[in-house]
Amino acid sequence: MRHRNSFIYYGSLFTFLFLIAGCKLKSNGPDLDPDIESKVNTLVSEMTLAEKIGQMTQVNKGFLHSNEDIKTYFLGSLLSGGGFTPEVNEPEHWVDMVDEYQNMALQTRLKIPLIYGIDAVHGHNNVIGATIFPHNIGLGCTDNPDLVKKASEVTALEVAATGIHWTFSPCIAVPRDERWGRHYEGYSESPDLVKDLGAASIQGYQGESLADRKTVLACAKHYVGDGGVDWGSGMGGKIDRGNVTISEEEIRNLHLPGYLSALEVGVGSIMISYSSINGDKMHGSKYYITDILKDELGFNGLVVSDWAGIDEIPGDYKSDIEMAINAGLDLIMVPESYLDFINYMTELVNEEKISMDRIDDAVTRILRIKYQLGLFENPLADRSLLGTVGSLENREVARQCVRESLVLLKNENDVLPINKTGSKILVAGANADNLGHQCGGWTISWQGDSGDITTGTTIYNAILNSVSDQTNVVYSEDGTNASSADVAIAVIGEGPYAEMQGDRDDLSLSDSDIQTLTNLKNAGVPTVIVLISGRPLIVEEYLADWDGFIAAWLPGTEGQGVADVLFGDYNPTGKLSISWPRTMDQIPINIGDDEYNPLFEFGYGLNY
Ligand code: GLC
């Protein structure tokens with residue numbers, strides 16, 4: 001993997017040189033346009049306090065008491081949280097919904113357009129029929145920034161086609177503990193790889209100009225250190241939203257490089273992490289948000305909270321708001337109790353606990369982005385793009401991402417590539433014919449689901465598409481009736497999950513998968529395992545029985561890309577972007593550890 005293995009050296013060198021230079025990065029977010037700055041300053045000078053506070057308020061569409069509230073409270077932003085779709089989840093209904101909200105905003109005194117955000121984190125994943133890409137852990141294994149950029153370009157097109165302006169992506173977490181339910185949202189345990197792929201993704205989303213109708217605002221998240229938290233310090237005594245207990249220098253070496261490169265390529269927004277650093281909640285950290293991100297690094301885009309992220313700051317809601325805004329947050333993803341938020345904000349300004357300078361800085365950043373997006377000139381959707389959602393052309397890009405994300409970890413007895421014209425192939429495993437499972441979390445709903453949740457090709461159907469007419473493909477979920485097959489392909493692994501619901505302190509295979517493996521072993525048939533998972537699972541004790549082993553991660557809707565590798569239409573190139581543990585006792589395990597003895601090393605991957 002190029003220079004990946006010496007990321008600690010390069011990461012430190014990059015940070016060291018940067019600190020020595022003491023310089024502000026040449027481009028600290030979108031380049032400033034004097035004409036836009038003039039318009040923003042003029043508009044801010046005309047706004048009332050209520051209009052300014054409204055701009056700093058982001059509401060989840062499902063929690064609006066009425067659409068009139070957009071006008072009444074001058075709301076600056078709405079979002080669709082995971083699964084908050086229009087009643088009919090089809091692209092045109094998304095456009096109608098967003099335009100309806102926008103037309104409300106345009107009825108306000110100053111006609112300031114709203115900005116609509118969504119988690120399009122592996123394609124436009126809330127929309128039925130959209131192209132769903134591999135989650136970031138798979139993209140990390142491609143080690144291909146150009147392809148990652150292309151994937152984000154396609155995603156931006158499909159997001160823009162539905163009238164939406166902003167994706168809360170890329171997640172540039174550096175996951176260090178495989179037990180974290182968000183492990184799959186990160187590209188890699190290597191900050192070097194995260195830096196390159198995160199920057200590429202942002203360039204794909206934002207393009208050469210934010211005003212381009214086929215691009216959207218990107219959001220680097222979650223600032224900073226979300227992937228570095230300790231097990232036991234998180235929600236429910238697990239890990240998500242937990243506490244980082246490493247030094248600031250280690251933070252700068254491991255978790256900050258992705259943000260430096262994000263600023264270099266002009267990312268327009270940054271989302272704050274739920275996690276804490278040495279006990280300080282990031283959502284209340286003036287040091288990390290204002291002193292480092294805004295002052296030292298010169299970030300001139302907007303800083304947005306996570307979903308009710310400020311509520312987790314110790315204290316009551318009013319003090320949460322005071323601490324978060326004074327820490328440097330510009331836009332608050334409330335997302336529900338927006339009347340309380342607006343009232344407390346008003347009180348805090350009137351009590352001079354939040355200064356008008358801070359309010360004006362936040363509103364300036366929000367309006368700057370809206371002007372850069374061209375929302376004042378083109379507030380409504382470009383409906384000519386609708387036909388691009390889920391197009392064959394877009395799906396081909398996703399299929400290439402699948403091909404390059406797969407990592408071949410074992411291939412003995414010439415079991416791979418599989419002969420397309422063989423007489424009988426047995427397909428087994430709970431994840432072989434399950435589109436929801438191969439897409440994972442953040443797909444159609446927040447947690448994802450099982451079965452035919454959207455339009456796509458399961459791995460089983462992809463195998464059927466690939467083989468000759470003479471080949472008999474039999475599906476047996478538990479692997480029984482395998483003895484007469486030339487080869488068995490067992491697609492096993494995890495079901496879908498998101499965030500804290502994926503925190504697991506046991507990454508063993510499920511009992512049903514173990515039963516499937518036992519049935520195949522008893523049949524004595526050559527076996528290829530395809531693992532569908534958001535992270536490495538504990539498989540060492542079974543590996544000897546497997547002739548072939550492919551890590552397929554969470555490939556998304558284009559299962560044909562898996563078949564392309566299975567049958568040799570694509571010679572696997574994927575390399576592990578993470579270290580593969582032998583046992584739970586080894587976790588967390590990362591390249592650079594003093595004792596490093598994984599089952600498969602960071603950067604490992606075979607080909608044909
Ligand atoms: C979630 C996630 C964040 C996401 C936001 C909006 O809780 O932490 O990644 O962008 O809420 O859905």
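Reader: How far apart are the end C-alpha atoms of α8, and what span should its 16 residues give?
Author: Keep in mind that this is a predicted model. At 1.5 Å a residue, the 16 residues of α8 should span 22 Å, and the end C-alpha atoms are 22 Å apart, so the two agree.

Reader: OK, and how many residues of α8 are buried?
Author: 14 of the 16, where buried means under 20% relative accessible area. That count is why α8 is described as largely enclosed by the rest of the structure.

Reader: What comes just after α8?
Author: Glycine 207, which takes a positive phi of about 60 degrees.

Reader: Switching topic: how many cavities of 30 Å³ or more does a search of the whole structure find?
Author: Five. The largest cavity has a volume of about 200 Å³. It is lined by 20 residues, and the closest to its centre are Ile164, His165, Arg213, Leu375 and Asn378.

Reader: How does that lining divide into nonpolar, polar and charged?
Author: For the largest cavity, the lining has eleven nonpolar residues, five polar and four charged.

Reader: And how much space lies in the second largest cavity?
Author: About 90 Å³. The second largest cavity has 16 lining residues, with Val121, Asn136, Leu139, Ser152 and Tyr205 the closest to its centre.

Reader: How many charged residues are in the lining of the second largest cavity?
Author: No charged ones there: the lining of the second largest cavity divides into nine nonpolar and seven polar residues.

Reader: Now strands. What order do the three strands of the open sheet have?
Author: The order is β6-β8-β9, and the pairing is mixed. β6 (243-244) and β9 (280-281) are the edge strands, each pairing on one side only.

Reader: In which sense do β6 and β8 pair?
Author: Parallel, over two bridges, with β8 covering residues 276-277.

Reader: Which residue in β8 is the bridge partner of asparagine 243?
Author: That's serine 276.

Notes:
Residues are numbered from 1 along each chain as its sequence is written. This is a predicted model: local features need pLDDT of at least 70, side-chain atom pairs count only at pLDDT 80 or more; totals for chains, interfaces and linings use all residues. Side-chain values use heavy atoms; hydrogens and water are left out. Two strands pair if DSSP finds at least two bridges between them. Helices (H or I, at least four residues) and strands (E, at least two) are DSSP runs, numbered from the N terminus. On a 1 Å grid over the protein atoms alone, a cavity is a set of points where a 1.4 Å probe fits but cannot get out, and a pocket is an open set with protein on both sides within 12 Å along at least five of seven lines; lining residues have an atom within 4 Å of a point. Grid points are joined across faces, edges and corners, and a volume is the space filled by probe spheres set on the points. Ala, Val, Leu, Ile, Met, Phe, Trp, Tyr, Cys and Pro count as nonpolar, Asp, Glu, Lys and Arg as charged, and the others, Gly among them, as polar. The expected span of a helix is 1.5 Å times one less than its number of residues. Buried means under 20% relative accessible area, exposed over 50%, partly exposed in between (1.4 Å probe, protein chains only).
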